[in-house]
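Here is a short tour of a protein model, written for someone who likes to look at the structure while reading. Keep the viewer open and follow along.

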Amino acid sequence: MINLPSVFRFAPSPNGQLHLGHAYSALLNYQLAMEAGGRFLVRVEDIDQTRCTPELERAMLRDLAWLGLKWEEPVRRQSMHFGEFAKALQSLEALGLTYRSQLSRGDVRRIVEAHEKTGKAWPRDPDGAPLFPGQTHELDAADADNNFAIRLKTQAAIEHIGGPFEWQELVFGGTDKMIESDPKKWGDVVLARRDTPTSYHLSVVVDDAIQGVSHIVRGSDLYEATGMHILLQKLLGLPKPLYHHHALILGENGQKLSKSKNGTSIAQLRQAGATPNEIRQMVGL
């Protein structure tokens, strides 16, 4: 039996400046990879071609290098691999587990508001967003040229593949746990749109499999999303990595840090005279 090296990755989107929360996740992944004698990858998740720019990507990589991180080249950029995501989507379509819908976020909001005016609550996903109304809004073939999103028939997918939908959550310094999840919490998630042949949920599981990522160490804000990722991994026949969801670095107001608020950006802290070692101390490493 060949023992393959552990593979860790840090996969930010270049749609803003990296902040202390990103620094913590990147440094933690790097530290764990080095301790395991494994590999450390940086992946650029730039499927949003409107908000993600080459300038922001260069700034992001510059910040990571300044922190002392070293990663394997070439860096994988999702925008260069749309064809691979499209093939994964085609396999789900061949199983009859997708449908197209033309409803916009505004359309969904109006449907939800009308429903809630009756005094009944609309179901929401773990992030608090209303669940999609479902296949009653599936497009006819005649509408195929219009704007649309391709969605997963989540309930049908669950019935097709069967459970359990569980993953091993690593607890450093403690006992690992098996976590059982319910992908139905997310409803019929978007897999792709007419102008972009992938979504976060689809591309992240495909990329992790292609890159041989063995350990996914990411923020606790993605804990619930792991259930959907396990479902997609099973549907696509992809390996299931080990997971660890770390605590988030919060701002002074107790809220999650945002790329749109630059007070804790790595670039600003560096310009103010902070050193990489001081950044490590700020995030508790």
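Predicted model: local features only at pLDDT ≥ 70, side-chain atom pairs only at ≥ 80, totals over all residues.

Helices and strands here are DSSP runs, helices of at least four residues and strands of at least two, numbered from the N terminus.

**Two cis prolines**

The peptide bond from Gly163 to Pro164 is cis, with omega near -5 degrees. A cis bond also joins Glu73 to Pro74, where omega is near 0 degrees. Pro74 sits in the loop between helix H2 (54–66) and strand S3 (76–77). As background, most peptide bonds are trans. The table sets the two bonds side by side.

| Cis peptide bond | Omega | Loop holding the proline |
|---|---|---|
| Glu73 to Pro74 | near 0 degrees | between H2 (54–66) and S3 (76–77) |

**The overall picture**

The protein has nine helices and ten strands. Its C-alpha trace spans about 55 × 50 × 35 Å along the principal axes. For 285 residues, a compact globule would have a radius of gyration near 19 Å, and the 20 Å found for this protein agrees with that. Of the contacts with a separation of 6 or more, 78% are between residues 24 or more positions apart.

As for the surface, the protein exposes about 14600 Å², and carbon and sulfur atoms supply 50% of this. There are 32 positive and 34 negative charges, and their mean positions are 2 Å apart. Turning inward, 45% of the 285 residues count as buried.

**The nonpolar cores**

In soluble globular proteins, nonpolar side chains tend to be buried together. Which residues touch the most other members of the largest nonpolar core? In this set of 33 residues, they are Leu152, Leu231, Leu232 and Leu235. The elements that give two or more residues to this core are helix H3 (82–94), strand S5 (149–152), helix H5 (154–161), strand S8 (190–193), helix H6 (200–210) and helix H7 (225–236). H7 gives the most, with seven residues.

A second, separate core has 30 residues, among them Phe8, Phe10, Tyr24 and Leu61.

Just after H6, Gly212 takes a positive phi of about 70 degrees.

Is Asn29 buried or exposed? Asn29 counts as buried because its relative accessibility is 0%, under the 20% cut-off. Asn29 belongs to helix H1 (residues 20–35). Leaving aside its neighbours within four places in sequence, Asn29 is in contact with Phe8, Arg9, Phe40 and Val217.

Gln102 is found in the loop between strand S4 (98–101) and helix H4 (105–116). With a relative accessible area of 38%, Gln102 is partly exposed. The C-alpha atoms of Gln102 and Tyr200 are separated by 19 Å, and the two residues are 98 residues apart along the chain.

Technical notes:
Residues numbered from 1 in each chain as written. Heavy atoms only, no water. Buried < 20%, exposed > 50% of the residue type's maximum accessible area, 1.4 Å probe, protein only. Contact = heavy atoms within 4.5 Å. Rg over C-alpha atoms; globule rule 2.2 N^0.38 Å. Areas by Shrake-Rupley, 256 points an atom, 1.4 Å probe, with all protein chains shown as cover. Lys, Arg positive; Asp, Glu negative; His and termini not counted. Charge placed at Lys NZ, Arg CZ, Asp CG, Glu CD. Core = buried A, V, L, I, M, F, W, Y, C linked by side-chain atoms within 4.5 Å.
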